[in-house]
Amino acid sequence: MTKPSLPELLHAAVAAVGGVERPGQVTMAEAVAQAIDDGSHLLVQAGTGTGKSLGYLVPALAHGDRVVVATATLALQRQLVERDLPRTVDALHPQLRRRPEFAMLKGRSNYLCLHRLHEGVPQEEEDGLFDPFETAAPTSKLGQDLLRLRDWSDDTETGDRDDLTPGVSDRAWAQVSVTSRECLGASKCAYGAECFAEAARERAKLADVVVTNHALLAIDAIEGAPVLPQHEVLIVDEAHELVSRVTGVATGELTPGQVNRAVRRAAKLVDEKAADQLQTAAEGFERLMELALPGRLEEIPEDLGYALMALRDAARAVISALGSTRDKSVQDEDAVRKQAMASVENVHDVAERITQGSEYDVVWYERHDRFGASLRVAPLSVSGLLREKLFAERSVVLTSATLKLGGDFNGVGASLGLPPEGTVGTEDEDVPVWKGLDVGSPFDYPRQGILYVARHLNTPGREGSRGDMMDELAELVEAAGGRTLGLFSSMRAAQAAAEELRGRLDKPILLQGEDTLGELIKNFAGDAETCLFGTLSLWQGVDVPGPSCQLVVMDRIPFPRPDDPLMSARQKAVEEAGGNGFMAVAATHAALLMAQGAGRLVRATGDRGVVAVLDPRLANARYGSYLRASLPDFWYTTDRNQVRRSLAAIDAAAKAADA
């Protein structure tokens, strides 16, 4: 029997999921197959509607090597495991004459811990929650969540938090889950044989395709101890998110609350001297944090240095003591000890990392109205880490609807640790070989959408009223008949706009934070006159095809805040190396978000509408052309009257179709 061709396999898979074959999808599948065969790397931009999941799954399954697929969002993980993979495997089985197995794998804290569920949370004097199932009033929200979790534990096959609907609060989940550091280990745990996390790992070891998330991929790369099974091909979907997810995993934090929790957990397990030393160090740290002002610490102040060294040394003494003492009077001693060890090790590791003062780290104070001050440390760049850990010894395919910024892939490539496209290594230096490919989009952007820049408005300042912007926004929403997704650079700006327009217009205005995101999006999609205003998660997470979303408004170019310690440190580092820090960091960040935001408009072939940017800098500033080149190829105008006429016509057409 001859080996089936890739176009034949793709055709069978597309038919199985009820899709339509797109030229871009075929081009993508061929390029992915080529990269896997060559052992090279590929960055592929595939616009909304291309069908990129099948564009990488079919060549990967056909090749036969084990594949890890890492995604950023839960929605895509679900789509892959519940829809795309089962149907694709069924469709390809007759031609491949084998049935590839697939499995989902996440970090340990995503799975229900049966030990925690049945034995309770190790007691902490101040929390008074030895057995939350007994002490949380059944009528309280926490009590109801915990009772539901106990019932669910008997029915669930996966123990995966994301399979529980409706979900529960983080506080409730924390009572029934453990981090990898807190886990007793399957061999020591009474419930090891039934453990959901261990079962997920075993399934992943046997699977041909393992679907995971960016965070676990980052942990696998950073911590050295492999979490993912050995694999020959890595596919990173939603790859525009990867750098920020890896940075998040590589960021350490110390707060007074967290340090005090470590003290409480360890105090009953170690001798008085070690416990007192940690308690004293914790008090010194807490006093300093009360005075902490937000901002970057380019040098560690002397008093903070002493406080951190005291914490580090005290934590080290407690870790030694925890390892050498046993106390049979402590109920469920192994679990209590493991939890205490995890808390103290975290304090030790972050304190030591900051005191060592690597030039590759950025340290800063943050203040939160509700949680107080925290001390944070993050890598100045993760590009070196990604280059070393991601692109060695396997073929990597990175894909997203937005990877090509300002006209090429080099900006995103550099953030991932890749040299400029086409760079060839020497005998002394082995560089990752990669290519970028834009397979376009099935949508006719110049005919389906307009990019309107309100060139006549005042340039937005850091503070102060934007009365002219509010007038413009109200007129645009009125012309569109509602149907507006408002993307704002801050929550304060979104709230101000919602308040203003609720007073001016007779249209329902939904505001992020006033309900769950899922509920808000459902209500927005369900009524054409309704508008939805919000901030960051809306720039990337909304998929509302059809007439409910025909105007997408951005209040300003979403540059990082000038006082963002990590972004400003990264910008400064590029400048000190002779580069353009603003373009490499701030403009790249803004371009990525704007491309994602503009992508909310056209989600299907029949969609029509306007992306309106209420920031004249997109038309007037030198960097404006770079940002515009990162957006879909909409028809471009700065004519406010033209845009109002177009919106009114789109609204009239939608109403006529509805009638």
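1. Strand β12 (residues 449–453) and strand β17 run parallel and are joined by 5 bridges. Within this pairing, I450 stands opposite V610 of β17. Strands, like helices, are taken as DSSP runs numbered from the N terminus (E, at least two residues, for strands; H or I, at least four, for helices), and two strands pair if DSSP finds at least two bridges between them.

2. The model is a predicted one, in which local features need pLDDT of at least 70 and side-chain atom pairs count only at pLDDT 80 or more, while totals for chains, interfaces and linings use all residues. Residues are numbered from 1 along each chain as its sequence is written, and side-chain values use heavy atoms, with hydrogens and water left out.

3. The pairing of β12 with β17 belongs to an open sheet of 7 strands with parallel pairing, in the order β14-β15-β13-β16-β17-β12-β18. The edges are formed by β14 (509–511) and β18 (635–637); each has a single partner strand, so one side of each is left without a neighbour in the sheet. On average, neighbouring strands of this sheet are turned by 15° against each other, direction ignored.

4. Strand β16 (residues 551–554) has both faces covered: L551 and V553 are buried on one side, V552 and M554 on the other. Buried denotes under 20% relative accessible area, exposed over 50%, and partly exposed the range in between (1.4 Å probe, protein chains only). In a regular strand the side chains alternate between the two faces of the sheet.

5. Two parallel pairings involve β16. Strand β13 (residues 484–487) is joined to β16 by 4 bridges, with V553 as the bridge partner of G486. Strand β17 (residues 609–613) is likewise joined to β16 by 4 bridges, and here L551 has V610 as its bridge partner.

6. Helix α19 (residues 467–480) has 14 residues, which at 1.5 Å a residue should span 20 Å; the end C-alpha atoms are 20 Å apart, in agreement with this. The expected span is 1.5 Å times one less than the number of residues. Among the buried residues of α19 are M469, M470, E472, L473 and L476. Just after the helix, G481 takes a positive phi of about 70°.

7. What is the count of salt bridges? The count comes to 38, a salt bridge being a side-chain nitrogen of Lys or Arg within 4 Å of a carboxyl oxygen of Asp or Glu.

8. R603 forms a salt bridge with D543, the closest N and O atoms being 2.9 Å apart. This pair links distant parts of the chain, 60 residues apart: R603 lies in the loop between α24 (581–598) and β17, and D543 in the loop between α22 (536–541) and β16. R603 counts as buried, at 17% relative accessibility.

9. D313 and R312 form a salt bridge whose closest N and O atoms are 3.0 Å apart. R312 is buried, with a relative accessible area of 17%, whereas D313 is partly exposed at 33%. Salt bridges link R312, D313, R316 and E352 in a network.

10. In the salt bridge between R447 and D444, the closest N and O atoms are 3.7 Å apart. R447 is exposed, with a relative accessible area of 67%, and D444 is partly exposed, at 35%.

Methods:
Axes fitted to C-alpha atoms, helices over the stretch in contact; angles between N-to-C directions.
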